[in-house]
Amino acid sequence: MADNLKFNKKLIASLYGGTNYQPYDNFDAIEVPFTDAIPADYDGVMGVPITWLAKYNPDQFEILGTDESDFAPSKTYRAKSKVVDGSPVKSNTGSGGAYIRTESFDSGTYFDVGYPVKRMYKRIFI
């Protein structure tokens, strides 16, 4: 993990201003935004992009499930409002999927669950 955080420029740029792998707000796992950023020395659950399947090695990782159907969330949101570029908008989006907690409603699409969260694309938990 330390080497990835120090030398992987793509990972460093994607950490939303943080200095570590981001934990999900609604799953007991960490977000690994790119396949080449998977830490070799982490023993917990990791959410990886679906593109990781092309590199899957069953001797190396166990697939636990996906974020919306197979892996139980640690929390669910009672109410959620969509915020695009800082402005609330109408949304019919469900509450499934993995979310990362952020500091503010920056440019882009976020959800307001009492604080700002950003929904990640489909994730596989390993």
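Predicted model: local features only at pLDDT ≥ 70, side-chain atom pairs only at ≥ 80, totals over all residues.
Residues are numbered from 1 along each chain as its sequence is written, and side-chain values use heavy atoms, with hydrogens and water left out.

Asp67 has 3% relative accessibility and therefore counts as buried (under 20% relative accessible area, with exposed over 50% and partly exposed in between; 1.4 Å probe, protein chains only). A polar atom of its side chain lies 3.4 Å from the backbone nitrogen of Ala98. Beyond neighbours within four places in sequence, the contacts of Asp67 (heavy atoms within 4.5 Å) include Phe27, Tyr121 and Arg123.

## The open sheet

Four strands make up an open sheet of mixed pairing, in the order S1-S2-S9-S3, where two strands pair if DSSP finds at least two bridges between them. Strands S1 (30–31) and S3 (65–66) stand at the edges with a single partner strand each, so one side of each lacks a neighbour in the sheet. Strands S2 (residues 46–49) and S9 (residues 123–125) run antiparallel and are joined by three bridges, with Val48 opposite Ile124 in S9.

## Tyr24

Tyr24 lies in the loop between helix H2 (9–13) and S1, and counts as buried at 5% relative accessibility. Although Tyr24 and Gly47 are 23 residues apart in sequence, their C-alpha atoms are 8.7 Å apart.

Terms used:
Helix = DSSP H or I, 4+ residues; strand = E, 2+ residues; numbered from the N terminus. Polar contact = N/O pair within 3.5 Å; in protein donor to acceptor, adjacent residues only side chain to side chain.
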